[in-house]
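Please look over the sequence and the structure below before reading on.

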Amino acid sequence: MSSHYQKPTKAGGFPSLQATFTHVLRSQQTKQNLKNLLRVNQTDGFDCPGCAWGDNKQGAFQFCENGAKAVAWESTGKGVGREFFSQYSVRQLAKQTDYWLEYQGRLTEPMRFNAVTDHYEPVTWSEAFSIIATKLNSLSRPDQVEFYTSGRASNEASYLYQLFGRLYGTNNFPDCSNMCHEASGVALTKSIGIGKGTVVLEDFDAAEAIFVFGQNPGTNHPRMMNTLRKAAKQGCKIVTFNNLKEVALEKFASPQNPIELLTPAATTISHLYLTPKLGGDMAAARGMAKFIIEQRPDKIDHDFIQQHSAFFEDYQHKVKHTSWDKIEQQSGLTKAQIIQAATLFSNSKTVISCWAMGLTQHKHSVDIISEVINLHLLCGQIGKKGAGLCPVRGHSNVQGNRTMGINEKPSADFIDKLDNYFATTLPRLSGHNVVEALKALHSKQSKVLICLGGNLAAAAPDTDFTYQAMRNAELNVQISTKLNRSHLQVTHDALIFPCLGRTELDQQVSGIQKITVEDTFSMVHASTGMTDPVSEQCLSEIDIVAQMAHATFSHLNHSHTNQSHAGNKLNWLALRDDYSLIRNLIENTITGFSDFNQRIEQPAGFYLGNSAAELVWNTSNQLAQFNPSELPDSVIADCSSNAQTTQSSAEQHPILLLQSLRSHDQYNTTIYGMDDRYRGIKGKRNVLFMNQQDAVQLNLVEDQLIDIQSIANDNIVRKVSGFSVVFYDIPRGNIAAYYPETNPLVSINSVGVGSSTPTSKSIPVIITPSSKQVINVALV
């Protein structure tokens with residue numbers, strides 16, 4: 001049976017509304033979730049647990065289809081407790097799909113893994129915290145612990161978590177941003193002195209052109225679509241660079257517009273839609289700069305360059321000596337297409353460039369993003385209304401986590417402030433990012449893994465390696481709302497801690513608590529859940545972190561360092577009882593948070609500010625830096641191999657370049673269903689999108705089952721089987737498939753230069769016909 005149906009002609013509209021309410025009904029809390037949706041992203045409401053796009057605070061409905069799915073998925077009437085875990089062993093659960101695991105409902109009580117029975121069993125909170133304290137105090141070195149963080153954690157939870165880890169003695173803070181936007185932070189900090197975007201939401205109303213690179217907002221940041229729709233209707237020229245033709249960037253119908261909701265009407269989003277090859281965006285941006293420098297020198301903002309930048313002459317020299325042949329070959333675009341984009345960019349008085357993981361998950365991602373920044377510096381498109389740079393973050397507080405200190409490479413200034421306030425001496429050596437943490441666990445150098453949210457097992461690359469690394473942990477602690485793959489990578493001791501979700505009432509001794517988050521525009525605002533918790537046994541993330549720290553430092557017996565004494569003196573339980581006390585600590589130790597508790601009472605929160613937007617460059621020479629790098633010789637990571645079998649396979653079959661991506665029924669690792677409506681896929685996830693001409697060359701037909709094997713230089717065979725071929729509008733030589741299904745193909749050693757981000761958008765593979773028969777599992 002075919003795995004797909006007709007791809008829609010527009011995104012949004014009535015099908016989006018229909019999907020929203022389908023998921024609300026399936027939550028088994030229909031009435032409560034309808035109320036929840038009216039409170040999403042509202043003043044005195046709660047922040048959407050989905051993406052980090054900013055809120056305009058105008059109108060009764062501030063949620064999108066996927067945000068509604070996230071709310072309904074979290075606020076469900078189904079629960080997972082001791083009866084469930086007594087029924088299923090870990091081995092049995094490991095055979096289930098990711099969708100099935102999370103569909104079982106909310107975790108309702110703390111559980112401990114019993115290696116003898118292979119089951120999770122109930123444990124009291126006090127016993128669980130004592131287990132952690134005993135283990136941490138038995139380690140020979142503080143850096144034997146990995147403190148992982150998901151982008152869902154609040155500012156307060158993240159701050160307390162990093163304070164706990166640093167007072168314990170380590171900078172091992174691997175987090176989800178290491179696997180997505182790390183390259184953005186590196187490139188931006190190097191070029192303009194701050195690792196955040198320079199625009200605010202209102203800038204989109206003043207932009208004459210918006211360039212969207214490597215991003216699919218229709219699925220991953222749906223609220224952004226209303227911003228783009230509004231801009232397009234005002235005459236803004238939107239230029240899209242995307243490897244795949246994504247329907248939302250072609251035509252979008254706002255579900256809040258009656259005409260577009262109920263008729264075939266829709267708004268054309270992209271004025272120009274270009275499909276470069278995977279990894280070809282740097283060459284495309286370099287071609288735009290080449291045209292402007294050589295053919296439109298009057299469009300160069302020489303005053304801006306002279307006053308605010310360094311290394312322009314070096315950059316100009318590199319651009320002039322980059323050949324059009326190489327630009328066309330590497331980008332996959334024609335000179336005429338690139339000139340068309342460059343003309344729109346240079347003729348516009350105000351330009352915003354947005355990007356997401358289509359730029360950040362390549363070997364040379366830092367240089368790709370730097371080239372986009374170069375374009376803005378070239379034309380003075382930064383530091384003025386309607387112009388600037390906008391990395392569109394994924395999870396709702398991933399940017400706030402980094403602001404709060406979830407960073408394995410903290411700045412000296414950040415540590416200085418903590419040292420001074422807490423009268424201690426915190427560690428300054430760099431800790432582990434995600435890849436380094438997994439390698440340390442795999443080699444058993446690290447002994448303990450604590451995860452504040454997320455699903456590391458499904459998010460990380462090189463699945464077999466990741467699973468083994470997590471299983472090697474002598475203690476694996478997972479702070480979660482739902483059962484997921486990470487709970488099952490255990491062979492020793494493990495704890496599952498059920499925590500509150502964003503929608504739920506957080507009642508502590510001092511009353512109902514607020515938490516805060518920072519969106520992609522550096523706006524900080526409060527979030528207050530009002531739904532009754534799914535279980536009395538569910539604690540807030542802050543409560544859990546505070547009690548872990550309290551137990552650890554109360555029983556400290558192996559260390560007498562300054563930071564340990566400071567940790568013992570801190571009243572962790574008082575911070576748990578009143579989150580405003582945590583915000584006081586943040587105010588006193590992190591720049592930009594003066595009057596924190598007062599400012600979050602403002603209806604839309606407050607703006608942290610952005611130095612580069614004020615034309616202040618916190619770089620080594622106090623100037624914005626042009627990055628005069630060469631185009632890479634190849635966009636593909638080294639795929640030479642000493643493995644005989646891999647070499648022979650590569651000789652028989654052409655190497656294609658694979659990117660992993662999300663389906664429309666998915667947010668990060670959470671899979672809401674088995675459809676991908678916007679790409680025309682129904683009822684399954686093991687599909688491979690490819691150009692029809694490539695399929696013909698390989699003697700493949702649509703719906704044929706194939707196997708995918710990646711090429712690496714480490715003699716390890718990485719292969720997934722039983723994927724269905726789907727013809728799609730994608731450049732020749734490029735293919736695409738969903739993650740986490742294709743995570744096994746990404747080598748743990750294949751990471752971006754300067755960012756260590758897994759190269760999930762640049763996986764060299766070969767395809768062969770499969771003998772595997774796939775049986776579609778019906779939805780539960």
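How many bridges join strand β16 to β17? Six bridges join β16 (residues 475-480) to β17, and these two strands run parallel. Two strands pair if DSSP finds at least two bridges between them.

## The model and the chain

This is a predicted model, in which local features need pLDDT of at least 70 and side-chain atom pairs count only at pLDDT 80 or more, while totals for chains, interfaces and linings use all residues. Residues are numbered from 1 along each chain as its sequence is written, and side-chain values use heavy atoms, with hydrogens and water left out.

The protein chain contains 32 helices and 31 strands. Helices (H or I, at least four residues) and strands (E, at least two) are DSSP runs, numbered from the N terminus. The chain has 780 residues, and 64% of them count as buried. Buried means under 20% relative accessible area, exposed means over 50%, and partly exposed lies in between (1.4 Å probe, protein chains only). Contact means heavy atoms within 4.5 Å. Among contacts between residues at least 6 apart in sequence, 79% join residues at least 24 apart.

## Strand β17

Strand β17 covers residues 493-498, and six of its six residues are buried. In a regular strand the side chains alternate between the two faces of the sheet. In β17 both faces are covered: Asp493, Leu495 and Phe497 are buried on one side, and Ala494, Ile496 and Pro498 are buried on the other.

Within the pairing with β17, Ser480 has Pro498 as its bridge partner. Strand β4 (residues 111-114) also pairs with β17, in the antiparallel sense and over two bridges. Here the bridge partner of Arg112 is Leu495 in β17.

## Nonpolar cores

In soluble globular proteins, nonpolar side chains tend to be buried together. A nonpolar core is a set of buried Ala, Val, Leu, Ile, Met, Phe, Trp, Tyr and Cys residues joined through side-chain atoms within 4.5 Å. The largest one here has 63 residues, and those with the most contacts inside it are Tyr159, Leu495, Phe497, Ile544, Met548, Trp572 and Phe593. Leaving aside neighbours within four places in sequence, Met548 is in contact with Phe129, Ile132, Tyr161, Phe164, Ile450, Ile479 and Phe497. A second, separate core has 54 residues, including Ala284, Ile292, Phe304 and Leu359.

## An open sheet and a barrel

Five strands form an open sheet in the order β11-β8-β7-β13-β14, with parallel pairing. Strands β11 (272-274) and β14 (388-391) stand at the edges with a single partner strand each, so one side of each has no neighbour in the sheet. The twist averages 15° from one strand to the next. Angles run from 0 to 180 degrees between N-to-C directions, and axes are lines fitted to C-alpha atoms, for helices over the stretch in contact. Strand β8 (residues 237-241) pairs with β11 in the parallel sense over three bridges, and Leu274 in β11 is the bridge partner of Phe241. Helix α9 (residues 182-192) packs on the sheet and touches β13 (351-355) and β14; its direction makes about 160° with that of β14.

Six other strands close into a barrel, in the order β24-β30-β27-β29-β28-β31, and the pairing is mixed. Its twist averages 45° from one strand to the next. The bridge partner of Met690 is Ile735 in β30.

## Two packed helices

Two packed helices are described by the angle between their axes and the distance between the axes. Helix α22 (residues 412-422) and helix α29 (residues 579-589) pack at about 120°, with their axes 9 Å apart. They are therefore oblique to each other; angles under 35 degrees count as roughly parallel, over 145 as roughly antiparallel, 65 to 115 as roughly perpendicular and the rest as oblique.

In this contact, Lys417, Leu418, Tyr421 and Phe422 of α22 meet Leu585, Asn588 and Thr589 of α29. These residues divide into four nonpolar, two polar and one charged. Ala, Val, Leu, Ile, Met, Phe, Trp, Tyr, Cys and Pro count as nonpolar, Asp, Glu, Lys and Arg as charged, and the others, Gly among them, as polar.

## Two buried residues

Thr198 lies in the loop between α9 and α10 (203-206). Thr198 counts as buried because its relative accessibility is 5%. Not counting residues up to four places away in sequence, Thr198 touches Ile192, Ile382, Gly388, Leu389, Asn610, Ala612 and Ala613.

Arg223 is in helix α12 (residues 223-233) and, at 10% relative accessibility, counts as buried. Arg223 and Asp55 are 168 residues apart along the chain, and their C-alpha atoms are separated by 8.6 Å.
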